[in-house]
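Please look through the sequence and the model first, and then follow the sections below.

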Amino acid sequence: MDFSIISGNIDIYLEGLKNTVFLVSISLVIGLSIAIPLAVLRTSKNIWVTAPIRAFVYFFRGTPLLVQIFIIYYGFGQFEALKSSFLWPFFKEAYLCALLAFTLNTAAYTTEIIRGAIVATPHGEVEAARAAGMSRMLMFRRIILPSAFRRALPAYSNEIIFMLQGSSLASVITIIDITGAARIINSRYYSPYEAFLTAAAFYLCLTFSILWVIKKLEFRWSAHLRPQETDIAEVRG
Amino acid sequence: MKKLSLVVAVVLSVLFIVGPAGAKDWKKVRVGVEGAYPPFSFVTPSGKLDGFDIDIAKAVVKAMGAEIELVAQDWDGIIPALLAKKYDAIIASMSITEERKKKVAFTNKYYNTPAKFICKKGAIKKFSREALKGKTIGVQRATIHDKYLTDNYGKDVTIKRYGTQDEAYLDLTAGRVDLLLADSVALSEGFLKKPEGKDYQFIGPDLTDEKWFGVGAGIACRKEDTDLVNKLNAAIAKIRADGTYKKIQDKYFDFDVYGK
């Protein structure tokens, strides 16, 4: 065991950390902003609206992320038409290909998570909103979506963590993420134990930070379910 | 309690009997190969491992009077898997270098060919350090070529590292990298002579600096298996002498790959 090779090459890991954090956070943000409208549309009764969304979700949930990355990176690179089009500068970059694959993948999963939460909205809330004369848009904005987000949060936190672990696949298309850094160190010093243990430590720290943020968020969003402390103080007073 | 200690005693004695089986007699040798480095090692359309390395492996083990079992392993993990006893020897065009000698024992070389760059025809007029500046160069991760490129050009070029040579070819034809650095024979037989490589050419000199490129490709074994190294050395000498080596070489190349 020789951890001096890690401390001597920590800059490679830090570059990897930066790439992992950017890849995962950007794809999660874009993925979520695609997923919310898709989830709302997915609850529509019009089959022409729901069918394409179902197909999209089915494809990206039904195939491994690694296969999706290979299709986008190596697969698309095979077509001359694409290579001579204005889109090629985008697909030429491994980083953007990974970002596209991750974004579409997380969008599909998140659509399904939010749809589930929307469908599970208690009837009473919807009826109350209708009784108050809210339009469909207003009802979604004020009642259904906020309550759906609250219900979706635990499942979505899982999705965030899965995305973090899944991002390690970026290293197969030459991106130096945390796993990519570990592979470089491993291949240079033939020390898989030190190299990958360090990568594991980085992922654990990231997961821990994510869990901490989610916990804070859950606490905030469930404020209405907690006993109100001020009231008790007033009663005692 | 008595029953338990009896069980423990039986289990322990079984473990000890089975455990240290004594020195190996090498009736069967498990050989780790790569399978994605044509023409040295590749997978045929019917799914079989084939290539120069594979044929050499079969010939060498046969010359030892042993049976062979081929194990395909990704290049990245090929040395760790040897150390973890997933197989007993690596025959995968592995160059003999000082760094690797710290982890494994090598036989004598079984071939030696220079390294070279390739690029798209006409993309680089005249090869020089300056001409490479700012280019993206692809290389297989954890190879002598990776080390050479990192040490000599690391600051001036963008290096893209691939798990296999085949993936590097894909990205060269896709235009994602400007040059590749690899073994010249692997490049010419595995790529340039194939239809997809027709627009590409060698550029720059033969690279043979021993500091990076070693003395050729050898068979790697675990350090404690000195008897296996000796047997393999004898086997390499034998196939060199009895013409088996030349027969295998002629199947793949029209020149001498053994080197001086």
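Which residues does B:Ala89 touch, not counting residues up to four places away in sequence? In this predicted model, B:Ala89 touches B:Val29, B:Val31, B:Ile219, B:Ala220, B:Cys221, B:Leu228 and B:Leu232.

## Nonpolar cores

B:Ala89 belongs to the largest nonpolar core, which has 66 residues, and together with B:Leu180 it touches the most other members of that core. Helix 2 of chain B, which covers residues 52-63, gives the most to this core, with 8 residues. The core lies between domain 1 (26-112 + 215-252) and domain 2 (115-213) of chain B, because both domains give residues to it.

Where the domains of chain B meet, 13 residues of domain 1 are in contact with 14 residues of domain 2; the side belonging to domain 1 divides into 8 nonpolar, 3 polar and 2 charged residues.

## The contact between the chains

Chain B puts 14 residues into the contact between the chains, and chain A puts in 12 residues. On the side of chain B that touches chain A, helix 3 (78-83) and strand 9 (158-162) each supply at least two residues, and strand 9 of chain B provides the largest share, 3 residues. By class, this side of chain B has 6 nonpolar, 2 polar and 6 charged residues.

How values were computed. Residues are numbered from 1 along each chain as its sequence is written. Chains are lettered from A and ligands numbered from 1 in the order in which they are written. This is a predicted model: local features need pLDDT of at least 70, side-chain atom pairs count only at pLDDT 80 or more; totals for chains, interfaces and linings use all residues. A nonpolar core is a set of buried Ala, Val, Leu, Ile, Met, Phe, Trp, Tyr and Cys residues joined through C-beta atoms within 7 Å. A residue is buried if 20 or more other C-beta atoms lie within 10 Å of its own, exposed if 12 or fewer, and partly exposed in between; C-beta atoms are placed from the backbone. Helices (H or I, at least four residues) and strands (E, at least two) are DSSP runs, numbered from the N terminus. Domain bounds come from an automatic or database domain assignment. Two residues are in contact if their C-beta atoms, placed from the backbone, lie within 7 Å. Ala, Val, Leu, Ile, Met, Phe, Trp, Tyr, Cys and Pro count as nonpolar, Asp, Glu, Lys and Arg as charged, and the others, Gly among them, as polar.
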